[in-house]
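Dear colleague,

Please find below the structure that I am handing over to you. My notes on helix packing, sheets and model confidence follow it.

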Amino acid sequence: MKLFNRLSAITAILLGSGLSVSAAIPSGYYDKCEGKTGQALLEALYTTITSHTTVSYKGLWDLYKTSDIDENGKIWDMYSTKRWNPGNEQCGNYTNIGDCYNREHSFPKSWFDDASPMVSDAFHIYPTDGKVNGQRSNFPFGECANGTYVASSGGVKALGRLGSSTFSGYSGTVFEPDDMYKGDFARSYFYMAACYNDRISGWSSDMLAGNSYPAFKTWAVNLLMKWTRMDEVSQKELDRQEAVYARQNNRNPFIDHPELAEYIWGNKVGTPWYSTTTATPKLTQPSDGSTIALGYAAAGIARTQKVMVKGSDIAETAYLFVSGSSALSVTPATLTPAQVNQGYNVTLTVNSATAGDIEGSLNIVCGDLTSEVTVTCTVEDGLPIYDASSISNESFMVRWVYLNDATSYTLHVKQGSEYVPGYPKSVTASTGHYEVTGLDPLTQYTFYLTSGSLTSAVKSATTADAIPYIGVLFDGTLAFETTTGTPSDAAEILLEIDNISEDITVEVDAPFQVSTDKSNWDTFTSLTTGEDRFYLRVLSAVADTYSTFITVSCDAYTNDNAEATATVTDTPAPASFIEDWEGVENPTTAVKAYSSTTFQGTACSWKVTQGGFGTTSQDKAFNKTTALRMKNSGSSIAMNENKAGGLGTVTFDVAKWPNANDASVALTLYYSTDNGSTWIEGADYTISETTSKTYTTTLNVPGEARIKFESSSSSGRWLIDNIAITNYSELGAIEELYYHSWDAFCRDSHLVVEVKEEPKHVTVYSIDGIAHISDTLEPGEHSFELAKGLYIVVVDDFSRRVVVK
């Protein structure tokens with residue numbers, strides 16, 4: 001039974017009567033499915049639910065605030081024990097379990113090539129822990145008795161494990177979710193086969209049969225049917241059904257009528273299905289022929305365990321007794337029909353004076369119905385202790401049977417003959433478990449418990465191999481904006497790589513492009529061992545909105561959770577504001593160097609402080625036109641009126657006065673939205689070249705505004721010309737953080753260091769710590785020929801790894 005199966009009284013009555021578990025099914029919703037079975041029933045479900053409203057992928061975040069909320073208003077996570085704060089703990093970047101939650105395609109989107117509407121269908125996409133989601137990758141669901149868990153962090157534990165399948169019919173790698181959610185996922189898979197029955201034959205997965213019926217391979221049918229039988233529909237599913245139905249306008253039939261699976265894939269194929277069939281009494285828990293493993297008990301000490309007995313449409317008293325072993329007993333011996341229909345926990349007791357294996361049968365008789373269930377238990381002398389569980393690459397769980405004999409037990413953990421640091425240690429006995437952490441991967445340990453004169457058996461556990469993992473890290477959100485024919489700013493994306501030794505492939509959908517050297521752009525690229533960065537941009541000739549998942553993969557591991565979006569608009573008309581000073585009448589007379597005055601330029605009125613138009617050849621040589629010359633020791637030129645349409649991109653030509661004695665210029669671009677009363681810093685520049693250079697800065701300031709250029713008091717003289725300003729366009733650049741002000745990468749077997757706008761002192765180390773380059777580099781690209789290998793490029797407190805290849 002589900003730990004969180006909080007059914008209302010009404011729902012419990014409906015379950016007991018054999019009717020639908022949902023009270024909100026629209027009248028006649030399943031009429032066209034009545035009287036059908038097998039493939040015909042699946043096709044009828046398709047026509048019933050396939051037409052629905054598509055929720056955007058981004059819209060899932062908002063949907064989760066109603067569809068996946070627990071009783072405390074937190075986001076419900078099916079992959080970990082964490083409960084999330086809605087909205088502000090979304091992934092993002094993550095390193096450990098419990099860092100953030102993302103949108104998990106329980107039916108991996110790579111199986112249907114990220115196609116819509118499946119890619120955002122909420123009935124199979126759940127909010128789950130990012131780290132565990134990354135471990136799951138796009139492996140099939142399955143069962144793996146010896147699977148590996150993501151290591152716990154901050155008290156958050158994984159609810160799922162990865163390993164080789166131990167379920168009959170499949171031997172590949174699978175992800176096994178927690179028992180309490182297996183039915184949820186099975187019914188999600190049945191929904192996908194019904195809702196998309198017209199296209200599922202073209203999807204690719206080890207679980208899929210490549211046809212529309214039965215749609216799943218035999219082993220997958222057996223697995224999913226097992227899960228839906230063992231894990232009944234819960235109140236969580238019922239609540240989620242209604243929340244998703246309110247947005248998508250379709251339903252998951254296997255939540256409304258879980259018995260549908262039996263008529264399509266199970267033991268009632270061939271029998272017509274009706275939503276209101278005559279109730280048939282049946283015992284459902286524990287199922288006939290199953291086994292209840294009680295685990296361990298101590299000789300001479302009774303041990304009890306609750307077992308759920310449940311049925312439907314039961315009208316007679318149920319009688320319970322144990323056979324085959326005098327060490328086993330059950331209470332109570334009878335249950336009323338109401339108790340069975342609603343589910344009742346009976347108590348199984350094992351009490352043996354001697355050690356050994358116990359096996360008997362729990363028998364349930366209810367009229368003509370019978371159920372015989374095997375009960376097993378191992379009785380030990382001393383403290384009963386289990387084999388290690390929840391094994392990860394750095395931890396495992398020790399579990400024991402509490403004997404009510406002491407407040408604490410002593411836990412011993414050894415590697416070989418030596419104790420693991422921190423052991424032996426005292427653990428609270430009544431908890432029944434303790435997690436051993438801080439261990440090494442692929443290492444064998446032994447452990448046992450002591451309490452007074454009692455000692456447990458010595459158990460061994462081998463930690464798992466380190467889990468392959470590739471995390472995709474970036475600043476903020478990957479939301480690009482540009483115009484047609486113009487590449488967007490490139491976003492730098494880092495990869496957090498654990499236990500991956502092969503080349504990594506990065507793929508995106510057009511018009512997105514990736515590159516490792518900012519020169520060769522395509523929809524895919526490869527990173528060799530040691531490389532941990534690439535760049536992403538968008539370039540399109542067509543105005544539209546675009547999105548892509550960034551797929552990083554290596555061998556069988558895939559991470560395709562990171563999403564990028566782009567808005568591409570038509571290229572705007574050329575800037576209507578162009579100040580080239582050619583409209584100034586008698587400039588050398590009207591605005592002598594160096595004046596502080598106002599004057600009418602070509603585009604607007606200007607206010608100059610310590611500047612003017614000179615008559616020397618240097619003044620005329622600048623772009624072969626008349627430039628405005630500004631004095632040293634601090635000077636400025638500001639618009640004396642506002643520009644309508646806001647400020648988009650500001651482009652201008654500037655140079656240091658061509659005199660060796662003049663200092664470099666520290667220049668700042670400001671803007672004002674209050675008629676020049678307050679000036680806001682927009683960008684800083686260092687001008688050290690005496691030849692003209694064009695600078696471009698995006699301000700994106702709406703409304704009426706103006707700009708000002710101002711040099712510092714320590715600056716030399718400078719020349720400025722050809723100031724162009726586009727209108728505000730709502731298009732922004734990728735966020736510029738400090739470490740974006742420089743870059744380093746490999747291009748054509750050379751190390752390239754790119755410096756933006758200000759000189760940077762750059763040091764390049766090889767992996768052995770030898771400094772090969774230590775120099776102050778001016779703005780621009782600088783190429784260095786170095787031997788092939790891994791280098792660390794350092795600027796101030798930031799570094800980048802570059803593989804020269």
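Which residues in H2 meet which residues in H5? In this predicted model, Leu 42, Leu 45, Tyr 46 and Ile 49 in H2 meet Tyr 191, Ala 193, Ala 194 and Cys 195 in H5. A contact here means heavy atoms within 4.5 Å. The residues of this contact comprise eight nonpolar, no polar and no charged. In that division Ala, Val, Leu, Ile, Met, Phe, Trp, Tyr, Cys and Pro count as nonpolar, Asp, Glu, Lys and Arg as charged, and the others, Gly among them, as polar.

Two conventions apply throughout. Residues are numbered from 1 along each chain as its sequence is written, and side-chain values use heavy atoms, with hydrogens and water left out. As the model is a predicted one, local features need pLDDT of at least 70 and side-chain atom pairs count only at pLDDT 80 or more, whereas totals for chains, interfaces and linings use all residues.

Helix packing

Helix H2 covers residues 38-49 and helix H5 residues 182-195; their axes lie 7 Å apart at an angle of about 85°. That angle makes H2 roughly perpendicular to H5 (65 to 115 degrees; under 35 counts as roughly parallel, over 145 as roughly antiparallel and the rest as oblique). Axes are lines fitted to C-alpha atoms, for helices over the stretch in contact, and angles run from 0 to 180 degrees between N-to-C directions. Helices (H or I, at least four residues) and strands (E, at least two) are DSSP runs, numbered from the N terminus.

H5 also packs against helix H6 (residues 218-230): the two axes come within 7 Å and cross at roughly 130°. H5 and H6 are therefore oblique to each other. Their crossing is left-handed, a term used if the near helix is turned anticlockwise from the far one by less than a right angle, with clockwise being right-handed. On the H5 side, Lys 182, Gly 183, Ala 186, Arg 187, Tyr 189 and Phe 190 take part, and they meet Leu 224, Met 225, Trp 227, Thr 228 and Met 230 in H6. The residues of this contact divide into seven nonpolar, two polar and two charged.

Three bridges link E7 with strand E9 (residues 303-312); two strands pair if DSSP finds at least two bridges between them. Leu 283 stands opposite Gly 311 in E9.

An open sheet of three strands has the order E44-E45-E48, also with antiparallel pairing. Its edge strands are E44 (742-747) and E48 (780-784), and the twist averages 20° from one strand to the next. Strand E45 (residues 750-755) pairs with E48 over five bridges, and Gly 780 in E48 is the bridge partner of Val 755.

Confidence

pLDDT is the predictor's confidence in each residue, from 0 to 100. The chain has a mean pLDDT of 90, and 94% of its residues reach 70 or more. Over residues 1-23 the pLDDT is below 50, and this stretch has 51 contacts in the model beyond near neighbours in sequence. Residues 732-738 also stay under 50, with 14 contacts beyond four places in sequence.

Yours sincerely
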